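User: I am new to this structure. Please take me through how some of its features get their labels.

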There are 2 protein chains.
Amino acid sequence: MALDKPAPDDAGGGLIRFDSLAGCLTGAQKPTVWSLLVTVFGDLAQDEGARISGAVLGRLTDLIGIKPEATRVALHRLRKDGWIDSRRNGRSSDYFLTEWGRAQSAAATPRIYATTPAATEAWLVLTDPATPAGAKETGGAWVASSMLVTATRPDPEDRTLFATRLDAGDAPAWMTAKICDPVLAHLSQDLAARLTALDDALRDTGGLDCLQITALRVLIVHGWRRIALKAPALPDHVFPDAWSGAACRALTAELLQRLPRQALADLEGAAAP
Amino acid sequence: MALDKPAPDDAGGGLIRFDSLAGCLTGAQKPTVWSLLVTVFGDLAQDEGARISGAVLGRLTDLIGIKPEATRVALHRLRKDGWIDSRRNGRSSDYFLTEWGRAQSAAATPRIYATTPAATEAWLVLTDPATPAGAKETGGAWVASSMLVTATRPDPEDRTLFATRLDAGDAPAWMTAKICDPVLAHLSQDLAARLTALDDALRDTGGLDCLQITALRVLIVHGWRRIALKAPALPDHVFPDAWSGAACRALTAELLQRLPRQALADLEGAAAP
């Protein structure tokens, strides 16, 4: 795997502006590289046949502050794990999602890019304590033994269950803490603050080239993805008070509209030596 | 403790009628004697200063089919346990509830003689699983870990609890079975059938003397007492389908009206040798 070196110098103003914008999102902490690359492929190259050159990947990760060696190691790991594959293309290589990787990306896409909550209703379901429920696949959250919170109303004819709707303010703190642990709620608060700062700083995209727009876009999607995929598919009103997922979702959607997905051909053109 | 012997022979017709009526209630099974005597004292001699002679106790227990020796043993046990005390009265003894025994009887009386359900509303309360609730004194039923069914609505301001009203048909079978176990529900069905049979057979109290009326009354109260005091103070609609407590309560109230409490002086007169 040969990665092209990033362009040795950049037109000063655009890069300074990009760094200050990207700084809103990353702070001092750099994302896990292989996970960030999953976000890159999911955002840019989920279509069948879509490929990204080593040059584009090198430029994007460099913008985000990732060293070429770390990118190489992460690409190797993703190939080994079956997420991506590569093809030689002249002096360089192109990378693309495997069938399995595309399926994983497609499954996560609705949650990450949703502009509306994953669900609008929550149901508290009490199951027979003598019959351990194996129904972990409901997409809800078990808040205690025999107590499930789910977005799907159970069949009212099912006389083995007790079910009642949870409206805003119904769930006590111990229940909301089981639906979303305090660490995840705190992460969502942190991200909401960062996205708000970016939203304030990004009055226009002037001075940003297509690679910088894409790098910002990737950082936004990645920040929200790490939270959205860990949260159960339940309405925001059953989350803890600290949960800021609704704000993250709205800011992500708005920022991604202002930082639209760039054509792969344009990115390749910009990254070409 | 000297118990007078029962009158050696009785006016035939009245006794035959009594036996067939009492047979509706007892079937082949005789009640536990000391427990039945608690019912006798609670029904006849709960007032301060009220006493029952050995003669009356002997006649009542004999009518119910209890041997004099068994009555003597039971009275001894009740004295030893602090329920009752006795005073010599000429050749015989009088028996009466202790202060403690009167307090126990008074506490149980509302449940036993109630003509209305112990409660009209039921609330399902979910408590924090991390905080074991010691609130067993609520009078409700714990249907699972952290799940209480109670007649009292919790303070809506208490944000540590989730509470919702349980209406008719809301509670699944596993929950109603925890509120009232199947054995107790079956006992209530059996008693309701017996009380219905007695209700049919007892078109009038003609031919029954005051001791016989009292013995029937005691059997009715005793049958219902054993069930009513074991059931939680919750509305009938959260009990299992088999639960017939509402029928027992209504039949008991109706039969006791037709078999009114007899004056102690009249009983003493009838039992006098």
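User: What makes S5(B) and S6(B) a hairpin?
Analyst: This is a predicted model. In it, strand S5 (residues 141-144) of chain B and strand S6 (residues 147-150) of chain B run antiparallel. The hairpin they form has 2 residues between the strands. In that turn, Ser146(B) has a positive phi of about 70°.

User: How do you know that S5(B) and S6(B) pair?
Analyst: Pairing needs at least two bridges. Here 3 bridges join S5(B) to S6(B), so the two strands pair.

User: Which residues of H2(B) and H3(B) meet?
Analyst: From H2(B) come Leu36(B), Leu37(B), Val40(B), Phe41(B) and Leu44(B). They meet Leu57(B), Leu60(B), Thr61(B) and Ile64(B) in H3(B). By class, this contact has 8 nonpolar, 1 polar and no charged residues.

User: Why does Ile52(A) count as buried?
Analyst: Its relative accessibility is 0%. Buried means under 20%, so Ile52(A) counts as buried.

User: Where does Ile52(A) lie, and what is it in contact with?
Analyst: Ile52(A) lies in strand S1 (residues 52-53) of chain A. Beyond its neighbours within four places in sequence, its contacts include Val40(A), Phe41(A), Tyr95(A) and Leu264(A).

How values were computed
Residues numbered from 1 in each chain as written. Chains lettered and ligands numbered in written order. Predicted model: local features only at pLDDT ≥ 70, side-chain atom pairs only at ≥ 80, totals over all residues. Heavy atoms only, no water. Contact = heavy atoms within 4.5 Å. Helix = DSSP H or I, 4+ residues; strand = E, 2+ residues; numbered from the N terminus. Nonpolar A, V, L, I, M, F, W, Y, C, P; charged D, E, K, R; others polar. Buried < 20%, exposed > 50% of the residue type's maximum accessible area, 1.4 Å probe, protein only.
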